[in-house]
Amino acid sequence: MYLIFDTETTGMHPNSAQLTEIAAIAVNPNSWEADASVLGQFNEKIKLGEEALEVIAKQRENPDDVKGKSVQDLLSMTRYGEQGREYGDEQEALDRFFEFIDSFPNPLLVAQNASFDLRFINVRSGGKLPNHSVLDTMQLMQQYLIPLLKTQSKAKEGDPAARELLNKLYVKKGNWGYHSTSMGVVSRAYGIDIDAWHNALADVQMMMEMYKNVVATIKRGLGETPEDDVDISREQGRVLARQKRRKKR
């Protein structure tokens, strides 16, 4: 079974920031040929600790010293402060999340940019994160979806559907651009509603629908038999080379 999860936080670094929400949906994917069967759901909001409140106070006093998004910006973006919800202790929420994971046999943990969420959870819990197999949807798209679409688009006969989807994933930044594997960009390209993006439970639901579409695209593109297989190794090599160069920086 798959356990698809997401977190929201007060910052990028778990040693100086905290979790504000953890959400997960456990599913039997049914080979993603139909809607996945939901086996369980987890969603907990976490109250701000003293350290986070102190950071917010300091940032309000010295807004010019803030680099990037402030804690208050992140809280607003993730819709923190939802009425009618209980906000619990971070460690207790983590312990309950681990209990939720352990209630399923051999779960595959699925997350977008999984290394961020897993590192945050592990650091904030003091190293209690259970050891399970992990699937990173962002890595899947970087190493399979984008290379496949580029290969199909560059083929002699071309592939209009691949070219159209690839164009939808293109993000322009000034004089340059790139093909994005951001969950919001990819979901929008597939026509998935992104209005609730950056709310943990909504992100999990969006991730599940996005993953189903991505898997279907890859399956169709790579073919059902070896004879139909599309060789994406050249484009994959370029992706891996870029990732290797980034790690060296």
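**Notes on the salt bridges and pockets**

1. Let me start with a buried pair: R124 and E90 are both buried. This is a predicted model, and in it the two side chains form a salt bridge, with the closest N and O atoms 2.9 Å apart.

2. Next, have a look at E21 and K45. Their side chains meet in a salt bridge at 3.3 Å, N to O. E21 belongs to strand β2 (residues 19-28) and K45 to strand β3 (residues 37-46), so this pair ties together parts that are 24 residues apart in sequence. Both E21 and K45 are buried.

3. D35 is in the loop between β2 and β3, while K212 is in helix α8, so the contact ties together parts that are 177 residues apart in sequence. D35 is exposed, with a relative accessible area of 59%. For the overall tally, the count comes to 10 salt bridges.

4. The largest pocket has a volume of about 1200 Å³. It is lined by 44 residues, and those closest to its centre are M12, Q112, N113, F116 and M138. Quite a list of elements gives two or more residues to this lining: β1 (2-9), α1 (50-61), α2 (71-77), α4 (114-124), α5 (137-154), β8 (176-179) and α9 (233-248).

5. What is the make-up of the lining of the largest pocket by class? The lining has 19 polar residues, 16 nonpolar and 9 charged.

6. The second largest pocket has a volume of about 240 Å³. Its lining consists of 15 residues, and A161, A162, L165, T217 and R220 lie nearest the centre. At least two lining residues come from each of α5, α6 (160-168) and α8 (200-222).

7. By class, the lining of the second largest pocket divides into 7 nonpolar, 4 polar and 4 charged residues.

Methods
Residues are numbered from 1 along each chain as its sequence is written. This is a predicted model: local features need pLDDT of at least 70, side-chain atom pairs count only at pLDDT 80 or more; totals for chains, interfaces and linings use all residues. Side-chain values use heavy atoms; hydrogens and water are left out. On a 1 Å grid over the protein atoms alone, a cavity is a set of points where a 1.4 Å probe fits but cannot get out, and a pocket is an open set with protein on both sides within 12 Å along at least five of seven lines; lining residues have an atom within 4 Å of a point. Grid points are joined across faces, edges and corners, and a volume is the space filled by probe spheres set on the points. Helices (H or I, at least four residues) and strands (E, at least two) are DSSP runs, numbered from the N terminus. Ala, Val, Leu, Ile, Met, Phe, Trp, Tyr, Cys and Pro count as nonpolar, Asp, Glu, Lys and Arg as charged, and the others, Gly among them, as polar. A salt bridge is a side-chain nitrogen of Lys or Arg within 4 Å of a carboxyl oxygen of Asp or Glu. Buried means under 20% relative accessible area, exposed over 50%, partly exposed in between (1.4 Å probe, protein chains only).
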